[in-house]
2 protein chains.
Amino acid sequence: MKQKDTKQNILDAAEELFAVDGYHGTSLRTITKKAGVNLASVNYHFGSKEELVVEVLRRRLVPLNESRIKKLQKVLLDEKLLQQPVGVEAIMRSFIEPTLKFRDASPGAMSFLSLIGRALAEPDDTVRKKFASMMEPVFHLMLEGLVKALPGYPKEVLFWRLHFTIGATSHTLRCIDNVPMDKEGKMGTLSTEKLVAMLLPFVTAGMEAPL
Amino acid sequence: MKQKDTKQNILDAAEELFAVDGYHGTSLRTITKKAGVNLASVNYHFGSKEELVVEVLRRRLVPLNESRIKKLQKVLLDEKLLQQPVGVEAIMRSFIEPTLKFRDASPGAMSFLSLIGRALAEPDDTVRKKFASMMEPVFHLMLEGLVKALPGYPKEVLFWRLHFTIGATSHTLRCIDNVPMDKEGKMGTLSTEKLVAMLLPFVTAGMEAPL
DNA sequence: GTCTATATGCCGATAGAC
DNA sequence: GTCTATCGGCATATAGAC
C-alpha cells in the first residue's frame, strides 16, 4: 500500500503548489520535497510533469463535472415534464452550485478551486487544452440549455455571454483567498456560499440582458 | 540614439512574448533574440527581468488608465451638472471603451491586450501586485461612481460585481485571439468593437441585477 | 553602450544500485 | 518501488574586453 500513499501524496502536494504558483512556477523538486517522496518518483508514477498536472486536474474535475452535468440534466428534464421554459438561473446554478458543495465535501478542495481558476489562464498550451477538453461537455450542455431558455437570442450571443460567465467565475476562484485591489477596508475573504449568492444574480442578469 | 532603439526593441519583443507565454514561460534569451539585441542588455537597461515586465506594463497601462479616468471623470461631472443619476452603462463604458480606442491607436497593442488580460492571472506575486497598484485608481473611481449610480446597493455588493466584471473582461482579453471551448463551428475571432458590444450589456445588466 | 564569455544554480528526466 | 547520483540543458545575472 506504499504506492498508493506515494501517488496520493504527490497529487496532494502538486495540487496545492500548482494552485499557488502555477504550472511553470512549480518545480518537481518542490513537489516531491513537500510530498516527502523522492524526486524520481514523479517520473516513475506519472511519466512526466505534464502528465502529473493532467492527473491532478482529472482527479477532481471529472467527478465535479459529473455532478454539474447530472444537475443540469435534471433541470432540463424538469422543464420537459412541466412544459415550462427553462429558468436561466437554474442553469447557471447547476454550474456554480456543485462547486460549492464540492468544496464542503473534500478538505483539500480549497486550493483546487484556485487551481481550476488558474488552469484556464495557464499560458501552457497543453495544460490549458487538456483542461478545456475536460470542461467541454459541461459548456456544450449549458449552451444547449440556454438556447432553449432564451429563445430569440442568437446562439453566438449566448456563447459569448457564457464565455464572460466563465471569465467572472474563474477569476473569482483564482482570487478566492486573496482578493486584490481593495484600498480601503479590505473586503477580506467571503464564504463560498455567500460568494455564490453574489455571483449567481450577476451572471444570470448578464445572460438575460436585453439585446 | 542607439540606446532608445535597443530599449524599445526589448520592450516590444518582451510585450509580445509575455502576452503569449506568460512571465515565467518567457526567458530573457528568447526576448533578446527576438529583439535582435544582446542578452546582457536587458540587465543593463532594466536591471532585471522583473523590472522589465513592470516597465512593459507601465508603458501602455499608464496612458490607458489616464484615458479611462478622464472619461470617467467626465461622466461623473456631467451627472453633477445635469442633476441626473449616473448611468451604469456610461461608467462601464468608460472602462471598456478606451481599451478599444487604445487598440486602434497603436500597432503592437493587440498582444498587449492579451498581456494585461494575463497579468491579473499571473501567479507571480510581484508582477500581479504591481499591476494591481497601477489599476487601483481606476477601480476606486469606478466604485465611487457605481455607489452614486446605484443608491440602495451595498458597497460590498458593488465591489464584488466590479470584481466579476474585471474577471469577465480580463478573461476575454486573455483569449482575444484564441477562444477555447468551441466544439462545433468555431466562433472564431471577433472584432474588438463587436466584442465590446457583447461585453457591455452583459456587465451592465450584471451590475444592475436586483438584490 | 554593447559585446563575449562565463559564473552559478535549478530544471526535468534518467540510469542503475538496492 | 524506491533510492542516489548525475546528465544535459537552460535559466538569470555579471565580469571584463572593446
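## About the model

This is a predicted model, in which local features need pLDDT of at least 70, side-chain atom pairs count only at pLDDT 80 or more, and totals for chains, interfaces and linings use all residues. Residues are numbered from 1 along each chain as its sequence is written, chains are lettered from A and ligands numbered from 1 in the order in which they are written, and side-chain values use heavy atoms, with hydrogens and water left out.

## Helix H9 of chain A

Let us start with H9(A), residues 192–207. Helices here are DSSP runs (H or I, at least four residues), numbered from the N terminus. The expected span of a helix is 1.5 Å times one less than its number of residues.

Buried means under 20% relative accessible area, exposed over 50%, and partly exposed in between (1.4 Å probe, protein chains only). Among the buried ones are A:Leu195, A:Phe202 and A:Met207. In chain A, the buried residues of H9(A) pack against helices H5, H7 and H8; in chain B, they pack against H8 and H9.

## Where the chains meet

Each chain brings 54 residues to the contact, where contact means heavy atoms within 4.5 Å. Together the chains bury about 4700 Å², 73% of it on carbon and sulfur atoms. Buried area is the accessible area (1.4 Å probe) that two parts lose on being put together, summed over both. On the chain A side, the elements giving two or more residues are H1, H7, H8 and H9. H8(A) gives the most, with 16 residues.

## Salt bridges

A salt bridge is a side-chain nitrogen of Lys or Arg within 4 Å of a carboxyl oxygen of Asp or Glu. Over all chains the count comes to 22, yet between chain A and chain B it is zero.

In chain A, A:Asp125 pairs with A:Arg128, their closest N and O atoms being 2.9 Å apart. Both lie in helix H7, three residues apart, about one turn of the helix. A:Asp125 is partly exposed at 37% relative accessibility, whereas A:Arg128 is buried at 13%. In chain B, B:Arg59 forms a salt bridge with B:Glu15 at 3.5 Å. That pair links distant parts of the chain, H4 and H1, 44 residues apart. B:Arg59 is partly exposed at 22%, while B:Glu15 is buried at 2%.
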